[in-house]
Each structure stands twice: as C-alpha cells, then as structure tokens.
Amino acid sequence: MLRHYLFKQPPKESFSVNIFFEESGSFKTGSVLSRQGEALQVELPGGRRAKVKAKEILIEFDAPSLTDWMHAANECAQQIDLDFLWECAPDEEFHFLTLADEYFGASAAPPERAALALKLHGAPAYFRRKGRGFYQRAPAEQLKAALAALERRRQQAEIQAGYETELKNLRLPEAFKNKALTLLTHPDKSSLEYKALDAASATLGKSHTQLMIDCGGIASPRALHEGRFLAEYFPHGVAFPDSAKLNLATAQLNKLPEANVQAFSIDDITTTEIDDAFSVEHLADGRVRIGIHIAAPALGIKPEDTIDALARERLSTVYMPGEKITMLPEAVVDVFTLKEGGHRPALSLYVIIDSASQQIVASETRLESVFIAHNLRYHQLDDAVTEEALAAGSGDYPYKDEIAVLWPFTQALHEKRQQARIGYGLKRETQQHAEFSFYIDNEHVTILPRPRHSPIGLIVAELAILANSTWGALLAEHGVPGIYRIQRSFGANRTRMQLTPAPHEGLGVAQYAWSTSPLRRYVDLVNQWQLISCAEDGVAAKLTAPFKPKDAVLYAITQSFTDTYAAYNEHQRKMERFWCLRWLQQEKRERVVASVIKGDLVRLDEIPLTLNVPGLGIQPNGAKLLLDILSTDELILDTSCRLVQVLSTTEALPVEETAQPDTDENAVRSEVKTETDA
C-alpha cells in the first residue's frame, strides 16, 4: 500500500526529523517533536506547534532548514510544465507520489516530490483534488473551458488595472462615460468598473462620489443630487410618451354651463399649472358671493385611462429651485390650467357672506365653465397690497375692490381657525419666518424673501383652506369616501392621510381633504372625481362615485402618495439647501447673521439655511448671532461655521413646537410647494 511506502524506510519506533503535510487546504512543513501512536507533535517554521495525524503526512525528510527546503520545492514547482504534466497523468484517480515517480523518475528527491504536489494543488483547472495527496486530471473539454475562463479573468484583470490607472490619474475611462451615475446609485459590485473605482478610491483616499466628480464622470454636485433622484423615481426619464396626448375626454367640457362671473388668479411668476382662481359678486342686502374656482382636469381624465395611469405613477408635480417635473403632460395641463383670456372648466365653491359679520350664510358647489380674466402674480401685488394700504383703502393695483372684499373675510376665516386651534390645545399661529423664492439662471441663484404674513398670500391660503375643509365635509355628508389629511396636536403619527374625516388640528378645521391642486397632486384629482359625483348626482353620489367606501384602490393610492410626496419634498429641501450653499459661495459671504431656532440649531436671516453651531451654549430662541462661514461642501450639503459674537439675546417669539399648518396653504401659495408639519 502507498501509506506503507511512505513509512517503510524508518521503523515505526523511529521517525524522520521533518514532515511535509496538508493542513486546512494548504501544504506545510514542520519538525517532529514527538510521536504517540498515529499523532505527531510538530513545530512549524514560525514557532507554532500543531498536532498532526500520521495519515495527513505526505513526505518525511531530513533537511537542515525547513525554509530552504520549501523554497527549493517552490522553485522546482515553477519549472513544471502543467500541460505536459496533464498529459502524463492517468485518467483514473492517482496519488501525487506515483505521478512524481513517472515525471521525475523513481529517484526523485523529496523537494521534487513536494514540488509536484504543489503544482497539482495549485492547478484546479487541470487536476481535481480528491484529498490526502490524491488527484484526478480534468477531462479535456472541461480543461478547455476552464482555461478559457482563466484567460478571460486574466484579460479582465488587465482591463480593471487599466481602469484603476486612469482613475488614479483623475481621467475618466471611456467605459465609464455612460455608467458614472449608475456606479454611484445602483452599482453592480461584481463589475470591473466598480472594482476599479473602489480600488482607486481606496488608494487615493477619496469617496467614490468625489472621485467621479474629480474625473469628470459627474459634471457637478448639482448633477449628482438631481441624477440620484431621477434614477430612483424617474428611471425611464421625465418625458411623457406620445400616447399621453390621446384619450382626453373633452365632450363634457363643451356642455358646461357658463358662470356669470369673471375670475382672477394669483400665483408666483413661474407658475404654469394654475389650479385656482377667485371671483367676487355683490348681492342685495349687503351680501357678497365669493367664488373659489378650481381647475377641473377630472372632467377629461377618467380613472384607469392612459393619462390617469401616468398621473398615478408620478402622484405629484416635483418642485425644485429653477425647475419642476409635472404630474400631467403639458398638453393636458394646457387644456385645464386656468389661463387668462377665456372660459375654463372649473369646480367652483361659492360662499355667500354677510358683509357686516363676515359670516358664511350659504355655500354651493357647481361644475361650470368660468371666464378667467387675469392671471395676477405675487410680484405685482405684494409691495402694493399691505395691511396698512388695505386699512386706508390706498394704493392702485389690479382688482383692488375685490381684494378689499376678500381681506376682511380672510381675517375672519383666520381668526376662526385660531380659536379652533386654541380649542385643540394649541397656541395661535405665529408667522415669524419669511418665505423665500429661488430663481435659477444657469448656475447663478437669486434668493428673494417674501413675508409670510403678506395679505395676498393669506387671502390665497385661507380661501384654499376653506375650500378643502368645505369639500371634505361635502364628501362626508354624501357618504362618499375621500382622501383626508388629518393632524393631531400631540402623540405619534400626528399628521397622516386617511379615508375618513377627522380634524386637522394644526389648521383648526374639522376636516381637510386636499382638493384645490388637481393639476399638481394626485389625491386632489381623486377627490375631485368624488366631488363631481356629489355636485352632479347629489344623494346618489355614493353609488355613482368612481371609488366606493373601503375601496382597496383608495388605500393603495393613499399609501403610495404619502411615501412619494415625502420623497419629493425631501428632494426639494435638499436642492434648496444646495442652492443656499451655492449662494454663500456666489456672494462670497464669509460672515452672516443667524437666529437661534433651538439649542445649537440656527437659521440664517438672509436665506433659508439651517446650521448647527458647535459650542453655541445656551441661547434663547430667536437670539441673533454673528457667524463665520469656514467652508461649504455642495457634495454632502454641509457647511462649517464658527460663532463670532452674540448680537442680541432678546428672546423672540417662541418657536411653536406643536403642530403647524401645512405651509403650502398657510401663508403663501407659490410654485415651490413644501410642507413642514411640526
């Protein structure tokens, strides 16, 4: 037997000084210290001692130096021709000593035999390991396939090394030009490109992102932030397919009764999706009819048609400074936006108020065609329409008489909500921070403040809140399900969307169903479908509405909208922060004034940027600080600052820590819609 051959030279009670054995899949040498039966105590070259079983010993030998002996075996292994060795090997399973005798001759020295074992063991493509020194050569076809695979890996390693070299020299490899963003957002970690990027980043001590920007794979931090968002939420691009222009139901639009009013809208200069307009009509007995006219895309879009599928996929228009991604195709928006100079389909809420008490005495919802006389813009009115001018009746601006009617009504609505907030255990709303508008020209940003307590902004906001609250009640009265936004003052999950009415305590209303932005938000479009059934079918609306009570589709829409809308808002906040950092660099602001929000969190006075000031200490909310801007990083959207001086410790109005109104309808209605529910 072969094992007998291994030990036939020395008698069992004596043994050679050194052994060559296999341990944990690798070959090792050691000096035998003692032997007890089939177990040997061995000392390895590094000094470690190990217990080796006799059956694991492959060669016994005498040598003055284990290291030199193993070095000789490795050198000899390098000289062995694998192809020739494979030719020499039998088809059946064999022991390496048998093949060593055939390859080197029966007089092969122990280092030569060890060399052959090392060669066999290191060539799994040629020889399969069977354990304890036994091997079997691979079939010819399998060997051919394995060698081809090894060659591919060798070539890939060369390509990867080339990529690494270029990246280390801050040059973008040609193969990276269409993959740069994917490598950062959805990388295939087994790809050559990713492995090269990872290795080069580690060598240079840079993040993957910074290296791709330095190499020109990503044009700028702005392109990275926008690209990441688009890759996540618009992987197929932001363009609508041509089919989106089809199947728009317009037959009903021509049959709408014409309203006997002329309406006007008030929006930001960049707004193209004009959802709402207003009208004022004087009646007898000191009464006034105020109309809130909302664009009615639900008349032309039907549930589950092509356009609805597109809108349901996007769920909302995405806003970011300088640009937007609309929920609906431009062709659809053009049909339903409340553009001036013609009749437009609208869902109208009319409220009749007593001019003396400013109380609502009657309300009515109509589906009609409304003539839109003018699209007013905030910049046309903000400077002229002030509280002082309204109180004195001074100034000259468009729709002065109508605004004079709407302002006291707005104040009454606002006060009513404040009393309701107090009833819910909240404080009155505080309008202590300014709203800002961002205007982007290529890479230049202009950030302009607009007071949150602007009368025009409050008029638009209060009328929108009135419509959403009133229509939420209308859906509930008819037993028609809608998507409500509720908010509690305290506790977990304070703000959420649900299908049953409940108070929105932050706004101070008994129920609140988003319905005034159907061109921008999908839940508003859904609610408009339901409201149209109420307006047209009355008590039968529960049967004719597209969505019935406990409709599973409505639940799915609500959850999808909640998640998607939050992600869109987060992207908007991120891009606003990016442009604030850009503004600091652009304007070369090294020193700024900020106000304490709470703790070490502060907000700059000139732009809506919040920062953490290390080592600020205890300062009252609203305290004014002078800060040094040490550095900004547009990539991670961070900045480093240092406190220079506390300018004022006079405590400002307390920051409301309980639920706040939805800001997209609280103070100003701008193209950039954000929500910061506390």
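Which residue in the turn of the S7–S8 hairpin has a positive phi? I looked it up in the model, which is predicted. It is Arg132, with phi of about 55°. Two residues lie between S7 and S8 in this hairpin.

**Entry 1**

S7 and S8, the latter being residues 134–137, pair in the antiparallel sense over four bridges. I noted two of the partners. Gly131 has Phe134 in S8 as its bridge partner.

**Entry 1. The five-stranded sheet**

Next I traced another open sheet. Its five strands run in the order S4-S3-S2-S1-S5, and the pairing is antiparallel. S4 (49–53) and S5 (57–61) are the edge strands; each has a single partner strand, so one side of each is left without a neighbour in the sheet. From one strand to the next the twist averages 40°.

I checked one pairing in detail. S3 (residues 39–43) and S4 run antiparallel and are joined by five bridges. In that pairing, Glu43 stands opposite Arg49 in S4.

S20 (residues 591–598) runs antiparallel to S21, with four bridges joining them. Ser595 is opposite Arg603 in S21. The two strands form a hairpin with two residues between them, and Gly599 in the turn has a positive phi of about 65°.

On to S22, residues 610–612. S21 pairs with S22 in the antiparallel sense over three bridges. Leu601 faces Asn612 in S22 as its opposite number. This hairpin has five residues between its strands.

Which residues of S21 are on its covered face? I found Val602 and Leu604 there, with Leu601 and Arg603 on the uncovered face. The general rule is that side chains in a regular strand alternate between the two faces of the sheet.

**Entry 2. H8 against H9**

I looked at how two helices cross. The axes of H8 (residues 192–204) and H9 (residues 208–215) come within 9 Å and cross at roughly 95°. H8 and H9 are therefore roughly perpendicular to each other. I sorted the contact residues: six nonpolar, two polar and one charged. H8 brings Tyr194, Leu197, Asp198, Ala200, Ser201 and Leu204. H9 answers with His208, Leu211 and Met212.

**Entry 3. The nonpolar cores**

Which residues touch the most other members of the largest nonpolar core? Leu328 and Tyr522 do, in a core of 91 residues. H16 (residues 455–477) supplies the largest share of this core, 11 residues. Another core lies apart from it, with 34 residues, including Leu66, Leu82, Leu97 and Ala117. In soluble globular proteins, nonpolar side chains tend to be buried together.

I listed what surrounds Tyr522. Leaving out residues up to four places away in sequence, Tyr522 touches Asp308, Ala311, Arg312, Leu315, Met327, Trp529, Ile557 and Phe561.

Leu328 came up again when I looked at Phe240. Phe240 sits in the loop between H10 (221–233) and S9 (258–267). Beyond its neighbours within four places in sequence, Phe240 is in contact with Leu310, Arg314, Thr326, Met327, Leu328 and Pro329. I checked one of these partners for distance. The C-alpha atoms of Phe240 and Leu310 are separated by 8.0 Å, although the residues are 70 apart along the chain.

**Entry 4. Positive phi in two loops**

Leu315 is not a glycine, yet has a positive phi of about 70°. Its loop lies between H11 (306–314) and S12 (318–320). Asn442 also has a positive phi, near 60°, and is likewise a residue other than glycine. The loop holding Asn442 runs between S16 (435–441) and S17 (444–450).

Is Leu315 buried or exposed? Leu315 counts as buried, because its relative accessibility is 4% and the cut-off for buried is under 20%. Asn442 is exposed, with a relative accessible area of 64%.

Definitions and conventions: Residues numbered from 1 in each chain as written. Predicted model: local features only at pLDDT ≥ 70, side-chain atom pairs only at ≥ 80, totals over all residues. Heavy atoms only, no water. Pairing = 2+ DSSP bridges. Axes fitted to C-alpha atoms, helices over the stretch in contact; angles between N-to-C directions. Parallel < 35°, antiparallel > 145°, perpendicular 65-115°, else oblique. Contact = heavy atoms within 4.5 Å. Nonpolar A, V, L, I, M, F, W, Y, C, P; charged D, E, K, R; others polar. Core = buried A, V, L, I, M, F, W, Y, C linked by side-chain atoms within 4.5 Å. Buried < 20%, exposed > 50% of the residue type's maximum accessible area, 1.4 Å probe, protein only.
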